[in-house]
Amino acid sequence: MSTEKHNDGHGTNDVPFHETVTFEPRDINVATVAKQLIYLALTIVIALLICVPVLKVLTGMAAENDAPMAPVRAQMNASDRERMSLPPEPRLQGVPGHTADAQQDLRDKVAADTAANESIGWVDKANGIAKIPVSEAMKIIAEQGGRTSSSGAAPTKGSKSAQAQGEKKP
């Protein structure tokens, strides 16, 4: 064991001590932080006291410069004025004054398109033109191998292969 005294890094009263480094007694000064918060609050209050009167003056100036309501419009009741302020029909979905639900409209359209694509019926019975479901028309086209007709020519509107492909006549 050594009898030499070692520097344990502590000075008097267990305060850290080093010859070349100084230590702060605290990491933060609470009084300085409190003063800064008070200054910030005062700045906000002063800005509010300046902005509110400016807003009132500018609002009054804007109201004075507005064009007066037309006499015909002034005689209308509130509901008529509201109705007249909207653009004429048809309006875009989702804007004020539009009562239909855009999502429901889309669901209805998809259902109607699906039903039309899957239905069977006559387009022109006199000429023998019928409509068939798209899936069936695709099977017929796939069975033919993508050929237009047995002669190699494009089918005409009245030909049997045109009718098999589900061609619609306008």
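## Surface patch and overall fold of a predicted chain

I38, Y39, L42, I46, I50, V54, V57, L58 and M61 form a nonpolar surface patch of about 880 Å². Patches of this kind consist of residues with over 30% relative accessible area and no salt bridge, with nonpolar side chains joined within 5 Å; a salt bridge is a side-chain nitrogen of Lys or Arg within 4 Å of a carboxyl oxygen of Asp or Glu. Of these residues, L58 lies in helix α1.

This is a predicted model, in which local features need pLDDT of at least 70 and side-chain atom pairs count only at pLDDT 80 or more, whereas totals for chains, interfaces and linings use all residues. Residues are numbered from 1 along each chain as its sequence is written, and side-chain values use heavy atoms, with hydrogens and water left out.

The protein chain contains six helices and two strands, in the order α-α-α-α-β-β-α-α. Helices (H or I, at least four residues) and strands (E, at least two) are DSSP runs numbered from the N terminus. The average pLDDT, the predictor's confidence in each residue from 0 to 100, is 79 for the protein chain.

T114 is located in helix α4 (residues 102–117). T114 counts as partly exposed because its relative accessibility is 44%, between the limits for buried (under 20%) and exposed (over 50%), with a 1.4 Å probe and protein chains only. The T114 side chain reaches the backbone oxygen of V110 at 2.8 Å.

Methods: Patches are made of residues with over 30% relative accessible area and no salt bridge: like charges are joined within 9 Å, nonpolar side chains (Val, Leu, Ile, Met, Phe, Trp, Tyr) within 5 Å. Accessible areas come from the Shrake-Rupley method with a 1.4 Å probe; for residues, only the protein chains shown count as cover. A polar contact is a pair of N or O atoms within 3.5 Å; within protein, one must be able to donate a hydrogen and the other to accept it, and residues adjacent in sequence count only if both atoms are side-chain atoms.
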